[in-house]
Structure formats: C-alpha cells, structure tokens
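This briefing goes with the sequence and structure shown below. Please keep both in view while reading.

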Amino acid sequence: MAQTITYREALNQALREEMRRDSNILVLGEDVAAYGGAFKVTEGLLQEFGPERVIDTPISEEAIAGTGIGAAMVGLRPVVEMMTINFTTLAMDQIVNHAAKLRYMSGGQIKIPLVIRAAQAAGLQLGAQHSQNLESWYAHVPGLKVVAPSVPADAKGLLKSAIRDDNPVMFIEHEALYNTKGDVPDDEYLTPLAKAEVKRQGKDVTIISYLRTLILAMKAAEHLADIGIDAEVVDVRTLRPLDTETIVGSVKKTHRAVIVEEDWKSVGMGAEISARILEGAFDYLDAPVMRVALAEVPMPYSKPLEQLAVPLQDDIVMAVRQIMGKA
C-alpha cells in the first residue's frame with residue numbers, strides 16, 4: 001500500500017520516524033522548533049520530541065554547522081537545517097574543512113553522522129543571492145556525501161538513509177518541489193545512497209537529471225514518445241558518490257545522452273557526468289553528449305527573465321530532437 005503525500009510531508013515523516021527510532025537524533029537550525037522550519041518541514045516535531053531535541057539556533061550559520069559537527073563527534077546524530085543553501089556559504093569552513101575531513105584525519109576514530117539539509121534553486125523570484133544551485137560545490141569535496149531527491153518517495157527514503165549514515169551528508173532539497181505530490185510506501189523502507197534509478201525505460205536516448213529537472217525530463221519524455229522518440233530517464237539521486245555504473249549502462253543501451261541540470265553549465269554536475277560517460281561509454285556513443293543547464297548569469301528577480309534563465313521542458317525536448325537529428 002502507498003499514501004499520496006507531498007515532498008514536504010515525506011521529509012517530515014522521515015524525520016519523525018527516525019527520531020522515534022533513535023533518541024540520539026536531534027534537529028537544530030533557525031526557526032525549526034516553534035515555527036516549524038522556513039519551509040514547514042519540521043512542523044510538529046517540537047510538540048512531539050521537546051526542546052532538547054528540536055532546537056532553535058541563533059542566525060549564525062557557521063555556529064549552527066559547528067554545533068552539529070560537535071554533537072556528532074560526541075555520539076549524537078544531528079540533522080541541521082540551513083534554511084537555504086545560499087546561507088551555507090557562511091559555514092563553508094565548518095562543512096569543508098571540518099565535517100568532511102575529521103573522520104579521515106583521525107584515522108577513522110571520529111565519525112561524523114551529520115545531515116545538513118538545505119533548500120536551493122530558482123523559480124520563486126527570490127533574486128540572485130537566494131536562488132542559487134550549489135550542489136557541485138559540495139560534490140567536489142571528498143568526505144561529503146551529496147543527496148538530491150526529486151520525488152516524495154525518494155525524499156523520505158534518502159533522508160532516512162542519510163540520517164543512519166556515519167558520514168556527513170549534504171541533503172539538498174528543491175524549493176519548488178515541497179508541494180509536489182507522489183506515492184510513498186506505507187511500510188518502513190530506506191532508499192540506498194549512491195544509487196541512481198532508471199525512472200523511465202527507453203531505447204533511443206538517455207536523459208540524465210535530478211531534483212526539479214527530473215520532473216521536467218519525465219514530462220519531456222512523454223512528449224517525445226508522441227513524436228516517436230523513446231527516451232530513457234535516469235534519476236541520479238546521489239551526486240556524490242555518483243552511480244556511474246547505472247548512468248553508463250543506460251548510455252551503452254541508448255547510445256545518446258542528454259544531461260539536464262538547474263546549475264550553471266560551467267564546472268557543474270553535467271560536466272562531471274559527461275566526463276564519466278566519455279570515460280565509460282565513448283565507443284557506444286552515436287552523437288556528442290549534450291547538456292541543458294541554467295543560463296550563465298546571476299538569477300534575475302524579474303519573473304519573465306527568471307523563466308528565460310532556467311531550463312524548461314521545451315529546452316529538453318529541443319536538445320533530444322537535436323541529438324536524434326530531428327530538430
């Protein structure tokens with residue numbers, strides 16, 4: 001059996017179930033307690049688990065991250081909410097220099113079972129400083145795991161897995177997905193980290209994506225089917241470690257690849273995925289790998305300009321038609 005719930009509700013269920021299972025799990029961040037979180041993901045947790053496990057913090061991102069790292073070092077399993085990923089830039093020293101490296105530098109003596117939740121992306125007219133996609137920054141760092149769920153079922157299953165992991169996990173959510181709905185199993189389940197999923201089977205071209213653009217890719221694939229192009233869609237889900245085997249396996253089957261991301265194209269996840277495809281499936285390609293990405297500009301506040309900057313369903317369809325020689 002399954003329930004149809006929102007992405008936001010799926011995340012809340014994951015936190016609630018894990019906190020019931022393990023009393024060492026606590027949630028901390030700005031407005032996560034009485035207010036229920038900036039995006040209402042932590043709503044109701046204070047009432048059930050109390051102020052010692054659901055903790056409002058001062059507006060100091062470096063202190064929030066540092067507190068989470070310290071709590072993890074002494075045996076707790078903190079889930080830190082950073083409100084938006086844009087604010088994690090203020091905590092980069094704690095995340096990159098400490099959370100990512102302490103286990104390695106201590107020879108495995110210190111575990112850092114820390115989850116840092118952060119929302120990101122454009123579409124809500126929040127301007128250049130609050131509409132960024134920074135997943136490639138964190139996916140660049142050894143010692144961090146980076147997760148990016150697209151649908152409610154994965155949001156719940158991946159967050160539960162991230163909380164149970166003994167390493168620091170950057171758990172990236174998309175601001176425009178919180179109200180999207182999907183089926184989520186009623187029973188206890190975990191979605192494995194570091195494992196991509198083929199969300200749609202196809203034989204002509206592989207579309208590779210994650211977060212909101214995965215939803216657009218699925219819709220694009222339906223449109224392409226109407227014009228005789230059978231697209232396979234791969235949801236990457238975990239950006240580090242990257243499941244190269246599933247991605248390359250799909251491209252070897254379809255012989256064409258279109259990578260869709262909402263990040264800037266330069267030095268982004270699409271560039272990394274493209275390199276992995278060339279390393280693993282070069283002889284199988286019938287056309288150069290194509291990328292669909294964000295325009296190389298700071299995000300405009302204007303709604304029409306914002307829509308021009310972000311990749312849309314039509315951009316994916318056009319890229320696939322081009323790679324198929326049917327543009």
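This is a predicted model: local features need pLDDT of at least 70, side-chain atom pairs count only at pLDDT 80 or more; totals for chains, interfaces and linings use all residues.

Residues are numbered from 1 along each chain as its sequence is written, and side-chain values use heavy atoms, with hydrogens and water left out.

**Overall form**

- The radius of gyration of the chain is 20 Å, which agrees with the value near 20 Å for a compact globule of 327 residues (taken over C-alpha atoms; the rule is 2.2 Å times the number of residues to the power 0.38).
- Along the principal axes, the C-alpha atoms fill a box of roughly 60 × 45 × 45 Å.
- Of the 327 residues, 57% count as buried (under 20% relative accessible area, 1.4 Å probe, protein chains only).

**Elements and contacts**

- The chain has twelve helices and 14 strands (DSSP runs: H or I of at least four residues for helices, E of at least two for strands).
- Among contacts (heavy atoms within 4.5 Å) with a separation of 6 or more, 82% join residues 24 or more positions apart.

**Helices α9 and α10**

- The axes of α9 (residues 244–254) and α10 (residues 269–281) come within 9 Å and cross at roughly 65° (lines fitted to C-alpha atoms over the stretch in contact, with angles from 0 to 180 degrees between N-to-C directions).
- Thr244, Ile247, Val248, Val251 and Lys252 of α9 make the contact with Ile273, Arg276, Ile277, Gly280 and Ala281 of α10.

Notes:
Buried means under 20% relative accessible area, exposed over 50%, partly exposed in between (1.4 Å probe, protein chains only).
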